[in-house]
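Here are my notes on the model you sent over. Have it open while you read, and go through the points in order.

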Amino acid sequence: MTDRLTLRGTATALPGWFDGQFRSMALEAGAVERVFPASIPGATLRRAGFFDAFPDGASPAGAGAPADSFRPPAVCYHAYAALAGGVLETPILLTAAQTCFRDADRGSDDDARLWQFTMREIVFVGAGPWVAEQRSTWTRRARAFAERLQLEAAVEPATDPFFGDVSRGRRLIQQLKHLKDELRLAAGPRTIAAASFNSHETFFGSRFGLTLGDGTVAHSGCAAFGLERWTLAFLAQRGEDAAAALLKG
Amino acid sequence: MNSFESRILAFIQRELLHDRPVDISEDTYLFDEGLIDSLKILQLIAFLEVETDRPIPDRDIVMEHFRTVKAMAARFASRSA
């Protein structure tokens, strides 16, 4: 795991360019944009079951931050907390980007994993079939986007468990039901996960008291794009000249 | 239904569904119906391991082998005594 990344030259503008693309896709799809705080309450992470799934924990927000707060390990926890206790008369489609931090390696595959990275998420909360359709749609959009950029990409079941490695049952259910797929991009001799498409079923709906108009528990899902990873893969596959051309539009 | 399918079905009805009045057969799609959660899958694996006297590696736990009672029996029957 690399701590953090310093970008130079053309690469400095690429994460912002990618974020602009994903943000536009989200807004065109009708998503509402949110800006979330740079720290997240421990109570929210506990409610989300984060520490059960990842006992190595999250990075403390540090001096000056409110007590019992952490640097966000993902964007979407904020979204469930913001919606907590609500009755959703219509489906919710939100988007937000944020610097995220993960202490734990999570037993994952690659050395492209950063402690600090930037994630653009699209979060969908609603009835099960609608959430499933959103997840498929975002998988399709991401794949088409990679194709437009002439990037070698493949969608496959994730090796990085959303629910952590400690809960074998949840991990196996995730594996069985394909609850987490990821889009992997070639980057040199390896591939790296640059986006993931997740179904949480009613896990967060139950924990955050999200109900639908008919009284049933809401399903949720999200699509998450790792901006540094798109940058790394684009530079590895297409090179600096193509990146410069991309930025010129 | 063969005897292995019957034993799996009986285990699911008795131990996982606690004899709830849910109508399931050897062809019921257990996961689509939301009948098996993260705890029950572990109980089910443990049951199959005892029945077959063989550990089931995580890589074998895929929908193709677990979708229905019939699929489980077909996959793991050859390992049972």
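1. A quick word on terms before the sheet: two strands pair if DSSP finds at least two bridges between them. Strands (E, at least two residues) and helices (H or I, at least four) are DSSP runs, numbered from the N terminus.

2. Some housekeeping: this is a predicted model, where local features need pLDDT of at least 70, side-chain atom pairs count only at pLDDT 80 or more, and totals for chains, interfaces and linings use all residues. Residues are numbered from 1 along each chain as its sequence is written, with chains lettered from A and ligands numbered from 1 in the order in which they are written.

3. On to the sheet. Chain A has an open one of 7 strands with mixed pairing, in the order β1-β5-β6-β11-β9-β8-β7. At its edges sit β1 (32-33) and β7 (153-157) of chain A, each pairing on one side only. Inside, β8 (residues 180-187) of chain A runs antiparallel to β9(A), and 8 bridges join the two. Within that pair, A:L185 has A:I192 in β9(A) as its bridge partner.

4. Two helices lie across this sheet. Helix α5 (residues 128-148) of chain A lies across β6, β7, β8, β9 and β11 of chain A, at about 15° to β11(A). Those angles run from 0 to 180 degrees between N-to-C directions, with axes fitted to C-alpha atoms, for helices over the stretch in contact. Contact means that two residues have C-beta atoms, placed from the backbone, within 7 Å.

5. How many residues of α6 (residues 168-177) of chain A are buried? The count is 7 of its 10, buried meaning 20 or more other C-beta atoms within 10 Å of a residue's own (12 or fewer is exposed, in between is partly exposed; C-beta atoms are placed from the backbone). Among them are A:R170, A:R171 and A:L172. The buried residues pack against β7 and β8 of chain A, together with α2 (38-52) and α3 (63-66) of chain B. Just after α6(A), A:H178 takes a positive phi of about 55°.

6. Finally, have a look at A:T202, in the loop between β9 (190-201) and α7 (203-207) of chain A. Because A:T202 has 16 C-beta neighbours inside 10 Å, it counts as partly exposed. Beyond its neighbours within four places in sequence, A:T202 is in contact with A:V217 and A:H219.
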